[in-house]
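User: Can you walk me through this one? I'd like to start with the core and then go on to the sheets.
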Amino acid sequence: MGAATSYVTAGGALSDLAVGTYNATDGASAQLYALASGGTTTFRVYFTGLDPQAAGTTFGAHIHIGPCVAGNGAAALGHYNIGGTPSPSTEVWLDFTVRDGGYGYAMTTVPFVIASGAAKSMVIHALPTAPGGAAGARQACLPVTF
Ligand SMILES: [Cu+2]
């Protein structure tokens, strides 16, 4: 059994999954940090360049198993899930609220470690995450190499 990567970081401009449609995430960037220790993983993500007019709006964000492909939200496939009902304990949910000036921040700690190669992206949705994991249309994506 290979050791899972203990530290993962990714950052840069978000890939636009809804090309031709205005979203508050258009032109935004993100920096994601994931640190695994003792079987748990803590994720932190910072957003910059969000539309300041969207201040106060909350967007769902999750780690997905598929890659970021501009204009193709479906390519990101489903959420990374360790098994069981989708929840903040079986998946990585990173919902964030747009702050004044177009910033955002989220943090979560989950009771698992993502195996090397088992997930490829963070997807930002149009709505906050509902119980069960749905969060509306896929707006933007950050490639992450686990
Ligand atoms: Cu998602």
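Analyst: The largest nonpolar core has 36 residues. Those with the most contacts inside it are Leu32, Val45, Ala61, Leu94, Met122, Cys141 and Leu142. A nonpolar core here is a set of buried Ala, Val, Leu, Ile, Met, Phe, Trp, Tyr and Cys residues joined through C-beta atoms within 7 Å. Buried means 20 or more other C-beta atoms within 10 Å of a residue's own, exposed means 12 or fewer, and partly exposed is in between, with C-beta atoms placed from the backbone.

User: Which elements give two or more residues to this core?
Analyst: They are β3 (29–37), β4 (40–48), β6 (61–64), β8 (104–110), β9 (121–125) and β10 (138–143). The largest share, four residues, comes from β3. Strands are DSSP runs of E with at least two residues, and helices are runs of H or I with at least four, numbered from the N terminus.

User: Before we go on, where does the model come from?
Analyst: This is a predicted model, in which local features need pLDDT of at least 70 and side-chain atom pairs count only at pLDDT 80 or more, while totals for chains, interfaces and linings use all residues. Residues are numbered from 1 along each chain as its sequence is written.

User: Sheets now. What is the order in the one with β1?
Analyst: That open sheet of four strands runs β1-β3-β4-β8, with antiparallel pairing. Two strands pair if DSSP finds at least two bridges between them.

User: Is β1 covered or hardly covered?
Analyst: Hardly covered: among the seven residues of β1, the count of buried residues is zero. β1 pairs with β3 over seven antiparallel bridges, and alanine 13 has serine 29 in β3 as its bridge partner.

User: How many bridges between β3 and β4?
Analyst: Nine, in the antiparallel sense. Alanine 34 is bridged to phenylalanine 43 in β4.

User: And what is the order in the sheet with β10?
Analyst: β2-β10-β9-β6, an open sheet of four strands with antiparallel pairing. β2 (15–16) and β6 are its edge strands, each pairing on one side only.

User: How many bridges join β2 to β10?
Analyst: Two, with the strands antiparallel. Serine 15 has cysteine 141 in β10 as its bridge partner, and Cys141 is also among the core residues with the most contacts.
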